[in-house]
Every structure is written in C-alpha cells, then in structure tokens.
2 protein chains.
Amino acid sequence: MARTVDVAELVDRAREGQPRAVARLISLVEDASPQLREVAGALAPFCGNAQVIGLTGAPGVGKSTSTSALVAAYRRRGKRVGVLAVDPSSPFSGGALLGDRVRMGEHATDPGVFIRSMATRGHLGGLSWATPQALRVLDAAGCDVVLVETVGVGQSEVEVVSLADTTVVLLAPGMGDGIQAAKAGILEIADVFVVNKADRDGADQTARDLKHMISLGRREREGGRWRPPVVKAVAFRAEGLDEVVDAIDAHHAWLADRGELERRRATRAAGEIEAIALERLRSRIGGLRGASALETLAKRVVAGDLDPYAAADRLVEGVGHDDAGGDRHR
Amino acid sequence: MARTVDVAELVDRAREGQPRAVARLISLVEDASPQLREVAGALAPFCGNAQVIGLTGAPGVGKSTSTSALVAAYRRRGKRVGVLAVDPSSPFSGGALLGDRVRMGEHATDPGVFIRSMATRGHLGGLSWATPQALRVLDAAGCDVVLVETVGVGQSEVEVVSLADTTVVLLAPGMGDGIQAAKAGILEIADVFVVNKADRDGADQTARDLKHMISLGRREREGGRWRPPVVKAVAFRAEGLDEVVDAIDAHHAWLADRGELERRRATRAAGEIEAIALERLRSRIGGLRGASALETLAKRVVAGDLDPYAAADRLVEGVGHDDAGGDRHR
C-alpha cells in the first residue's frame, strides 16, 4: 500500500496545472487507492466545467493521429485539453504500456495538455469505473475539453456515449460501406462523423453513404433530433480538424439550448454511481469467491447437479450483510 | 406475463429435436420469464455435451457467410449444430429483427440446425446473461456443436472467449495488417485464425503477418501453449471450411488432453453464476432507482455537492436486506 498523501494539497497543485499532481491523482483513482474516496470528495466541488468529447472508430481509421490533430486544433483556440486513451493493454501492441509521452510526442511538453492512457482489460465493463473518475480529475484540474479515445467497435463505444457530451465517430474510406457502419451499430451513437484519410479513393463515396444512412434513419425516428454532420479530414496533415471542432461546438450548443446537456450529465453521473455501487457489490461476491465457494458451485454446475440460478442464489446469500469488508475503497 | 407452460414437457420435446420447443425455451430464457429458474433447473442434467465455438471478427470479414459455411461443414460430418448470433440490434441493420430463418436461408429447413439471433443492446455486459442460458438450451437439446457468432471487436469478443471452448477469429485481406490485429486485441483471444476471402489480393500477406505476430507473441510467453493455426478460406464458395473444422477439432483435443477443457468449462460456469448474481444485485439497485433515489443523487453529483462514491454509499444502503423483491426471476 502506498504512503498517505495530502489530498487537499495535491488537488490544489493539480488546479494550478502541475502535471505531476494531475498524474498522481489519476493514479490514486486508477489503483483504487485507500484514499480514493478522499480524492473523490476533494474533487467534487471543482467538477462540471469540462466539455467531454468521445472519439471512437474501428482499428485502422487513424484514431491516434486524429486525436493528436484535434488536440492541436483546440490548443490553437487556447483551450486546455485532457486526453484519456482507453486502449486494450495487449502484450503485443503498446496500449497503456507504451507510456503517455511516447504516444503523442508533439504534445508531451505542452503544459496545456494532459494525456493519459488507461488500461481496460481485467476491469468489468471496459470503461467503468476508473475512466469516469480520471475524467473528474482532468475536469477539476481545469481542462476545458477532455477527449476520451476508445479502440474498436463494441461495448466500449456504448459506454463512451454515456460519458461524452458529444461522440465523434471516425471512419476511413475502404473500411466498409454504410451497411457495414450500420451493422457495427455506430449510426446510433455518433453526434459527429469524421471521414478520415479523405485524400484516399472512396472518401466521397463513404461520406455519401453515411449521409444516406443518416437520412434513412431519421425517417424512422421522432422529429427534432440532432442530425449528425459528416466532416472530411486528413488528420496526419492536420486538415479538416477546425471543421471537426466547429461541428462539435455546434452539437454542444444544440444540447445546451435544449437542456439536454444537463440531462446527459445527470445520466452520466447516474451511470457512474451505479457502476461504483455494482463494483462494491461485486467485490462482496469476490470475498465469497476467495473462500472458493464460487469454484465449488461452478464445478457442480458443470457436473449438471446444480443450475446456474440456484448456484447464484447460494452465492448471493449473505451479500449485503457484510458492510465491513475489504471493499471500502471502491 | 405469458401463460404458464409445462417446462418438463417442453424440455422433453426439445430433446426430441422439435425446433419450436427449442425456440420457446430460448424465449423463456431471453425474456427472463417467471419460469426461467424452472427451465434452468430442468435443463441442468442434460448440459455439458456440446462443443462450444466462438466466431468473431470485425464487420466486413464475412462472418455470417463463414458461419453458414461452417454449419454446412459440420452437417456434412453428421453433427447437430446450434447457432447463437449475437448482433447489435440496430434500428437500421437487421440484427435480431431480421429473424432467424431469413438470416441463413439454406439451413432454415434443416432439422439438424437451430439458429437464433440474440439482441445485445440494453443488457449490461453484452453477452451476459441470456446468451449462456440460450447456449444451455441448445446443449440440452442435443446439439453436438454450438457456434456463438459476435459482431465487431471489443468487449463482446472477450466475453466470447469465456463462453467458448475454441475461439475462431476471422480476418480478411485489406482489413489491416498484423499490427492492426494486435491493436484490436485479437491475438490473445484466438485459438484458430481464419483468413477469409482468401481469393483476394493480400491474403497470403495477411496470413504471413499473422503467423509472424503469433511467433513474436510466443517468445514472450511461457512454453507449452497452443499455437493458433492460420487457415485460409473462401466462405462464400465453401472453400477451406473442412480445414477450419479440423483445426477446431485439433484445438479441442489439445484442450481435453490437458484437462484444460474441464477448467475452461468450470471458469465459464463461474462467470455465468457471477453474472446472474450481479444481475440480481443490480436489479435491487434498480428497485431503489425506481424510487428516483438514483436520479436525485445524480443531480447532486452534477451540482458538485456530493461525490460519486458517497452517492454510491447511499444507493447501496439497504441492498441485500430485501430478498423478496421483484428480482426473483433473474
């Protein structure tokens, strides 16, 4: 267990923009430090100012390059920017292992940029629960904008939506047509589409397909909904990123006008509370698991003399009556 | 609430191979019927015979076509086959809405094949909890092989691994090189790689890249691990599928020889029990949510006068002391 730190002082230093204090706070959060709750309590009064932007897209669309170029675009507008990169921590690829400075070299020495890679593997539910807490650290530290970058298409994208004010979905020509986009379930989650690598063949077609799918979708829905714009960009040449920022800002203003921003943030907080509550209940089950109860029950299920529901009954018995367990810090 | 059915009779009929009985049992499971636990109990003695195969890969690799061709390959070997297709239920794409018969026309009238599409959206954790239960229905109904097909790359793939005896990862030329595969986190989960669309340019390169990544990865790991074979196929022409089945069977035999099959299945059962237990605890939180406690807490977190951990404390209070709630059937 790490030594006790002066949380109030750490939060003060983070709010002054000291990168090491920000990094330390995120580590306390990510490692589920015994001081996690103290940290959360100290951050609370300073949260709620950051604009939260989710960036997602399939591997190969140029997500890291786009994130980096988007950071530069925000910096040109004088914004302080935080980046949370949620990568699968593969033993092969870099992911969180590559380190944050290596990942986005050009911003490494910019005091107005905080970059943090978060590991996802091993945590139930991908983004939950450390990412929202890391986001609160960056928010309290005075970031005007926090970009949350996720890899792949799947569960984590759905979670990005619940975190972000605005979700940006990246595509690239040749990654599949509109039907494939629909199959991947990205049409429902995007507030802004970016067709990256727009200098390549097929970029116009991809943009047209997307717009067509968007208009088809709108017919099936109630009116008064946001129509996601489709922006073309060439991230590695830093082209089109100002248009992306404009589209994000337009969506943000649209949300704010309708009171939808407040609703999204309340929904995000509710999800966060629920995730923490579930994690706590889960760790109580884990306590029983430590007594090898779960393994014994699992063997009986495999043998066919118990069904999983009856086994779950036995596992849940007693949970909730133990409020003094080792789960105080989650 | 649906009328009460004679579960014992339904299980008998499913075991005789009546498709409607199988479909009905899966519906009871998927809809969290009041009779769900009765169903689970009735199935338990007949479970544990099916070989469970996970199929996954990014959108566009030809997953549905490959699944269909793989079903045909197993049918040629006289196996009864179940298919669980876990699709995001998009309002645009078909997903579960398209219906099962439309999805795989050629097998629709084959009494040795059961096909079922499952929706994933709205369930916490994607595949959990209905898919494992549907798998138990197909297992008890006498399927020799159950294929679990998932869409996209992400959380659901990790879950497929915990369900499957053998996980098959599909790729296609031009979908990205070995580095992209590593980024997507698929190298760790694959027991068998299939390079589909192998008649296209770049198929040999994709296969070579994969083999190279696999050999790199092995050096970093302990010895005695399974080395995933790379099989080339052209699914829409039904080419290469017998080789895929052979590779799957070789892996299955390898697992069985080492007692690893039993361990995988015990781990699967443990995950299933835990998911049910968590779902139950979650619905208790939901009960409190119904009283709008969560919404109130969320607004206080957004306003900054409460942190999420303190809010979760208040939410968890009382959970576990209410064993007579409306969560009996999960």
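# Reading burial, charge pairs and helices

Q: What is the relative accessible area of A:Arg264?

A: A:Arg264 has a relative accessible area of 22%, so it is partly exposed. Buried means under 20% relative accessible area, exposed over 50%, and partly exposed in between (1.4 Å probe, protein chains only). This is a predicted model: local features need pLDDT of at least 70, side-chain atom pairs count only at pLDDT 80 or more, and totals for chains, interfaces and linings use all residues. Residues are numbered from 1 along each chain as its sequence is written, chains are lettered from A and ligands numbered from 1 in the order in which they are written, and side-chain values use heavy atoms, with hydrogens and water left out.

Q: Which side chain meets A:Arg264 in a salt bridge?

A: Side chains of opposite charge can pair when their charged atoms come close. A salt bridge here is a side-chain nitrogen of Lys or Arg within 4 Å of a carboxyl oxygen of Asp or Glu. The partner of A:Arg264 is A:Asp191, at 3.3 Å from N to O. A:Asp191 sits in the loop between α8 (178–183) and β6 (192–195) of chain A, and A:Arg264 in helix α11 (residues 260–290) of chain A, so the pair ties together parts 73 residues apart in sequence. Helices (H or I, at least four residues) and strands (E, at least two) are DSSP runs, numbered from the N terminus. A:Asp191 is buried, at 7% relative accessibility.

Q: How many salt bridges are found over all chains?

A: The whole structure has 34. In chain A, a network of salt bridges links A:Arg76, A:Arg77, A:Asp242, A:Asp246 and A:Asp249.

Q: Which residues pair with B:Arg77 in salt bridges?

A: One of them is B:Asp242, with the closest N and O atoms 3.8 Å apart. B:Arg77 lies in the loop between α4 (63–76) and β2 (81–87) of chain B, and B:Asp242 in helix α10 (residues 241–257) of chain B, so this pair joins parts 165 residues apart in sequence. B:Asp246 also pairs with B:Arg77; here the closest N and O atoms are 2.9 Å apart. B:Asp246 is in helix α10 of chain B and B:Arg77 in the loop between α4 and β2, so this bridge spans 169 residues in sequence. B:Arg77 is partly exposed at 35% relative accessibility. B:Asp242 is partly exposed at 31%, and B:Asp246 is partly exposed at 43%.

Q: How many residues of α6(B) are buried?

A: The count is 11 of the 11, so α6(B) is largely enclosed by the rest of the structure. The buried residues include B:Leu135, B:Arg136 and B:Asp139. B:Thr131 is placed in this helix (residues 130–140). B:Thr131 is buried, at 3% relative accessibility. Leaving out residues up to four places away in sequence, B:Thr131 touches B:Leu84, B:Val86, B:Met118, B:Val148 and B:Leu163. Contact means heavy atoms within 4.5 Å. After α6(B) comes B:Gly142, with a positive phi near 95°.

Q: What share of the residues of chain A count as buried?

A: Of the 330 residues of chain A, 55% are buried. The chain holds 13 helices and 7 strands. Among contacts in chain A with a separation of 6 or more, 75% come from residues 24 or more positions apart.
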